[in-house]
Each structure stands twice: as C-alpha cells, then as structure tokens.
Amino acid sequence: MSNHQIPELLAPAGSIEALKAGVNAGADAVYLSGKRFGARQFAHNFGLKEMEEAINYAHLRGVKVYVTVNTLIKENELSQVSDHLLQLHSLGADAVIVQDLGVAKLVRELLPYLDLHCSTQMTIHNSQGISWAGDNGFKRVVLAREMKLEDIEISAQKNKDKNKKIELEVFAHGAICYSYSGQCLLSSFIGGRSGNRGMCAQPCRKNYQLIMAKTDKYGKYKEGEEIPLNDHYILSTRDLAIYSHLDRIVRSPVDSIKIEGRMRPPEYVANVVKVYRDALDSIANRTWTPLETEVSKLKMCFNRGLTKGWLLDAVNDSVMGRENPGNRGLYLGKVTSYNKNMEETIITLVNMVKPQKGDGILFKHPQKTGPESNIWGTVLEKSPPTKKDKLFLKLRKHVEIGSEVFITRRNSMVVETEKIIANPHLPHQIPLEIQIKWDAKLTPLIRANAYPKHLEKVTIEYKADFSMEKAITRPLSHEIILKHLKKIGGTPFIIKNIQMDYPGNLFTPLSNLNHLRREILEKVQKRILKSYQPSNEEIESVKNRLSSFKNNLKVLQEKKEDSTQKLDTNKVNLAIYVDNTSSLDAALESGCKRIYFQPKIKQTRNGKFHEDFPFLKQAPNYETYFEEIYSSLKEAAALCQKSGSDLIWKWPDITSKNFIEGATNLLNTLPEDTFTGVMVGNLGALRALKEGFNSLRIYGSKGLNIWNHMAIDELTEYTETLCSITLSPELSKDDLKRAISHSKNKTPEHNFELLVQGNLEALVSEDCLPCVVHDKEIINKCKNSTYHFLGIKDSKNRIFPLEIDEEYRTHVLNSVELCLIDHIPKLLDMGFGSLVIDSRNKTVDYIQNMLSLYLEALELAIANDPNLGNKLDSLKKRVKKISNGGITTGNFIRGIKKDY
C-alpha cells in the first residue's frame, strides 16, 4: 500500500443495530457471523433473513461485508458448512473469514469467485505464513496480534518482491487474547468449551496464584508455596488501542485495520468507529493530531486499560492488565472528603469530563486490590453539581475516602448512537441523476444513473405504470414535481441532478409522484444489490458442484472399511516428545523407535528456573542459541543412529522470523543423515520447509488444528513430503474416526498421529509471566529456594504447569495429564500409525516408566490378549500414580461441550 493510501476501517457487527451503527459512523467494511460456524457464538449474530438485511443495508451504502466462518469444523458438519457457504455467496457476501483449512479448500472448490480471508485463528505470524496464504488462494491475511509492525513491513516487502500481493489486516482496537489466537485450548481442556468453536469461557480473565513447588522423581509437584503478588488476574490483558499511533499504521503496508467487538453494544461500535474514522480522514487531509478528548471517548466506550500492543512493540507490563479484568472506564479523580450535613461524597477531579444523568460511575479503593477489592458502581439519577475541580455526589452507599472514581458508561454516547442508527449521516451516500421525458400518451419515461462506491455506473430505464392527463383547472408545476421527487430522506441516495423535459399543463394525483419516486429508488437499489450478487448461472454451477461434493461425502459415510486397507498394527509407532539428550537417551533405552526432539537450550545452559529467576525479557542471542541447537542435534543423532531409531527435529509451534532464519540455515549445515525429518506446528514453518527443502520429510504437530479430512487433504496436497499429521486433541473418538476414514490420504505409511499422554500445552502467550515479579526480597527468596516447579493455581486449586521458552514466551500446560492407554485398541482400529507421549519437562524416571507401560499396552493390544480390558485398566492405574495432576481422557470421550 502506498503511503498516501488510507487503510480500510473494518467494524464489528454482532447485531443488526451494531451493523447500522458501524456503517453510519463511517466504517468501510463490517464483519459479522451467522448463527453457526462463527468464533463468537455468544453474540446475537445473524439468522438468514437478518443476514440478507445486513448485507443489503451495507452494500447500498458502499460498505463491504465479510462473514466469519472461522471455527474448526467436525467431519459430520462439512455438508452443513457447505450449504452455509452457498447461502452467503448467494446473498452477496464480499468475503468469508476462515480458520479451518478444510473450509478454505471447500470454498476454493465450490465457490472459486468468493474471496477468502485467513482468520487470525490461523495464527499467521511470520512472512512465510503470508506466503503460504498467497500460495493457497487467499486474498487477505488477518495477522496474529503478536506480529510486530516492523516484521509486517519486512514480510510485505518480501511478498512484494515475489509478485504475490496479498492484503494484510491488523487489529487496531479492542480485547486481546492472552494466547496466540487458535492456539488456546485452556477453556476446552477445563470445561469442554472450545475457543476454536466460539465457545470460550474466558479462563484468562479469572484470578490465579503464581506458585513454586518441589517435585518428586517423576516430576510430580509436591509441597509448594505461593509467590506473593499485588495482582492476581495474571493472565488478563489490557485492551488494544492504536489510535494515538494511527499515522504510523497508515504509513505501513497494512491494508485494513480492524476493531474487535462483536460482543459489544451498538454504542461501543458507533463511537469507536467514529473516533477512528475522523482520525483517518484527518490523516488523509494531513491535518491530524491525536487528541486526548478522543482517547477519553475510547476509554468511556469500554476498556480494561489501553495498550498499543505487541503490534507496536509494547513492553511486557504495558500489555497486561493483571490488577482488574473488567471495564475500567475513564478515570475522573479521587474521593477526598464527605460532607455529613449535606450527605455528599466529594470528589477532586483531574479530568475535564463531567458526569451527567444516566452515566455509569465506578468506585475502587486502590489499597484493596485483587478479588477482594472494594469495587462498587452506580448509575447517576441526575447530573451532579460541580464547583471548580470538585464534584458533589449524593450516593446510597458510603464510599471510602481515597477511592478512585471512573466513568464506565457515558449516557450521551448511547443517545448519540440511537441518532446515528435512526438518522444516519450517511458517509457513503450514492449520487443519483434522474432524467424524465413524456411520450405521446403522456406516460413518464425514466432514466436514472447511480454512482455507488466500489461499482461502475448503474443505469435503469423504464416506463412508468401510469399516464398523466391534460390539466383542466390545476396543472402541476415543474417545481411541484421536483419537490416530490427529491423527498428521499432516510435512503442511501443523494440527488445530484433531475432533468425533465416537461411539456407542462399536466395533472396526476400527488400519490402517483410519490409512487414514481419510490419506484425509481427501488429499481436502482435492486440493480445495485444485484451487482454484488452472483449470476443465476453461477449459482446453478455452484449447486451442481455442491451436489457432487455431498454425494461424495455420502459415499464416504456409507463405505464399509476395506479389509485390505487395514492398518498393519505391527508397524505402529510409539513416539515421544523430549527436550534434552538425557531424556532422549532414556527413551531409546526403553525401546522407543521414534523421537521428536525439541532441544531446551535454556535449561541445559542456565539450569533450573530459580537460578535464572526472575526472567528479564530481552532479545535472545540467536547465534549462541543455534550453536547449541547444532550440538544437541548432533549428539541426539549419534544416539538415535546407534539404536536404529528415527530422530525428528521438533520446531516450536510459534516460529519467529529469527527462529526460521536460524533453523533453515542450520538445516543447510547439518549432514542429511542427522535426522529423519522436521515437525512443524504452523503454516509459515511448513511453507519455509517446502520452499527450501523439497525432499525433507515433514511432520505436522497439533498446532495445525486438523479436524476433518478436507483439512488433511489440503495439507498433503500442498506438500508431498508431509508424511505425518497429528490430529487435534479437541476431537472425540467418533470425530477422529470419521476424519481418518474419509481421508483419501489414508495410506500404508500410516500418516496419522495422536497425543495419548502428558500435560498437554493449553496455550502459548507472548507474555513472560514470571517477569511480573519485581520485589527484590521475593526475587532473592525464589533464587535461593529448593523449589524447581513453576505453575499457576486457580480458585479450584488446580495447578497448571508453566514453561518459559527461549524467546520468553509463556506456555501454560493442562493441570492434568491426558491418558488414553486403555483406549489403544480403539486407536489402532481407527488407523493411527503413531501414538505420542509428550514428556517434555519430565524426568528420566517418568520417561522410562511411562514408555514401559505404553509399550506393554501396545503389545497387548496388537496381540489381542484375551484379558485385554483388565490388563489395560491395571496399566492405567500405574500411569495415574506417576502422572502430574492426575489423569483425564480429555475430549476423547466427552467431546466438546456443545455442538452447533
């Protein structure tokens, strides 16, 4: 994007009122969802009739509509989502925003003319991810919120050099997830409410304690203690607001700035959009200066504290809002005294904004923080008096002196929003020119030209359905006819010109003139809306493709398992994730033949966490880091070659540009026989390996979020060297079975894997959680303690292990270990060729014992032991004894909590 171009302003719409608020406040585009398949299932969202109304309302005002179909889709929902996509295309949706790779494949195959946008849930966070999107037919990428603007600029230049223009969209304002979007399974693991299905229960907004503890020889935590903190909402982020830096965004290659908030009311949408619209227009006119009054408006709309975010390289603490997960509003001042005689609470103001009738006011005592803080709010029944810097309130409750005072709801904004919706300013009015002539029978002949935004000139020509007659006593004047034709208030049109070849001395009832005006506008509207919609021929073509797709699905569902396609259970792998050579050696000695090795350089270099505590977030020394990676891989390769086992280098699921650059350089340096292949967990890493290493065997981790056979086929068609795919741990046994049985890539190579044991990663965040500790006394205590385990504890005393990686990201693991040892026979029947134990951060004793138990279970299952069930139950009890936090079958049995 050139420097003089202004990016698109994209507004959220969780309801028809919010859509109208965003459109009329000046948005260039809106995004919304149907009742199903959208990542905000608790918003009002749009039924089919409402969707049609919304799309038509926006299109008549020159505003684009993007529809989110950005959840992960189960195998048995592919038919339903394909119907949904056809409906959206028929209504004229400008694009669909998708997360699921299978849905993307569906759109390309069934609806090739419908634009595709990568949802932020796809976790595109590097230039190679953008290139992947370009390879796969996407028009736009909604980038991860964690991607820095500097990296976006570099990525845009790289893709420009490759002649692959793809639009880039960033979040500008609103809530920020603690985890990388698409990689958070915490809500799913805790209660089956999947964020990847729009059902997130927001566990990151709850209060937690940071703890340290001792561990036994298996790595199970034992006694421990809390690390004292002032704030306990330690996973809660502030809200993003880049308003004050908007000119910097405009100078960048960003094509669209997005306001988050489909769960927000219309007044939020209207006022936030208006602030950003005015700013963008001023920047375009080179007259912009960020205004504190506008920042105040944003704070009064809703805020948890504002941050410029990872996008603009905010420091760690400024992104997090650990003291309070709720709306903070606009700070007014403090309670400084109380007048007993007048029963008035007196507030000393530091802000020029004065509270008014209907405003929401919140009081909070700063010395009472955390979950027990003294927070109280009220709505003002009348406008309170002020005198100089003092505000006088009569309250029904005593508020302590020293309490901080905030406006959390501005009633005037609500009133203004109602006006915007009812009487829109119409920033996108459609110029209309009308020409009228009369034929020999005195029938009006109409020609109208409209000039809608984003479209070519629209022209209609037709003959009116009534004739005028020679006037006897009261002919209609030229002015009277014009007056009635110009009454177009409340419509999206503006009359630029009306030309009439009026013969004069004619008469018709005024109702006919009003009817003529309405008919002209209606015909123009229909023609404009038709321009956004596919032709009848295209719809029929799509329906034919859809029918063929559904027939193929039906064949897959009805097809019985071919006995010749059965899995050779003797070739099933028991694989393991390890993060150091001692663990790797223990796994080899226990008989494991497939090792996924993710060297934990920080651990081998700096020892236990408390010796390096607190973590000071700073740029890692990548040169030293990859030197040590090189040494670890060489040592691991020698061990694996000696035992005849496969060594697969496991990359992190989040791979920064620095990691990809260093790792690919290392691949060019290492001998070819060092390892069998590389495991990746994001599309950018996949693209980097496909681009630079054509023959390298690639393995896909759970980070790719594979839920259905279409997604499997999409990946395997993209790269022929993808020889293994880990299916999502969110899927139930029935969902897993369907996905595998329907995939055309079910081959003798047994390319399906499933995690069966371990404290699985629940989220990964750019935040460095231990960096929250600043108190020197606490720091020294942590450094000198004998505790080796770091975790967070919730209100139900569940303990979630923490790991901090080499780039200072926080990884939160599930509080209990997944254990599917007694379900191995089912997994073999499904066609899984590899069962995986995640033993990263575990001890050698854990690895040796766990591998022994699973190898025994696998042998029993393969042999179909006559007492298989009892023996597996016995092994499960032994697994439980060494598992950290207990065991669970996770979503394998229960599935996600609620289907659509």
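The largest cavity holds about 560 Å³ of space. This is a predicted model, in which local features need pLDDT of at least 70, side-chain atom pairs count only at pLDDT 80 or more, and totals for chains, interfaces and linings use all residues. Residues are numbered from 1 along each chain as its sequence is written, and side-chain values use heavy atoms, with hydrogens and water left out.

A cavity here is a set of points, on a 1 Å grid over the protein atoms alone, where a 1.4 Å probe fits but cannot get out; lining residues have an atom within 4 Å of a point. Grid points are joined across faces, edges and corners, and a volume is the space filled by probe spheres set on the points. Five cavities of 30 Å³ or more are counted by this rule.

Select Gln598, Glu761, Asp805, His811 and Arg840: of the 33 residues lining the largest cavity, these lie nearest its centre. Then colour helix H18 (622-643) and strands S28 (646-650), S33 (761-765), S35 (799-804) and S36 (810-813), the elements that give two or more residues to this lining. H18 has the largest share, three residues. Helices (H or I, at least four residues) and strands (E, at least two) are DSSP runs, numbered from the N terminus. The lining divides into 14 nonpolar, five polar and 14 charged residues. Ala, Val, Leu, Ile, Met, Phe, Trp, Tyr, Cys and Pro count as nonpolar, Asp, Glu, Lys and Arg as charged, and the others, Gly among them, as polar.

Next, go to Leu763 in strand S33. Leu763 is buried, with a relative accessible area of 1% (buried means under 20%, with a 1.4 Å probe and protein chains only). Not counting residues up to four places away in sequence, Leu763 touches Tyr178, Ser179, Gln183, Cys184, Leu186, Thr810, His811 and Val812, where contact means heavy atoms within 4.5 Å.

Now show helices H5 (residues 127-135) and H20 (residues 683-692), whose axes come within 7 Å and cross at roughly 80 degrees. Axes are lines fitted to C-alpha atoms, for helices over the stretch in contact, and angles run from 0 to 180 degrees between N-to-C directions. H5 and H20 are therefore roughly perpendicular (65 to 115 degrees; over 145 is roughly antiparallel). Gln128, Gly129, Ser131, Trp132 and Asp135 of H5 meet Leu683, Gly684, Arg687 and Ala688 of H20.

Last, select H3 (residues 78-91) and H15 (residues 536-558), with axes that come within 10 Å and cross at roughly 175 degrees. This pair, H3 and H15, is therefore roughly antiparallel.

Definitions and conventions:
1 Å grid on protein atoms, 1.4 Å probe; cavity = no way out; pocket = protein on both sides within 12 Å on 5 of 7 lines; lining within 4 Å. Buried < 20%, exposed > 50% of the residue type's maximum accessible area, 1.4 Å probe, protein only. Parallel < 35°, antiparallel > 145°, perpendicular 65-115°, else oblique.
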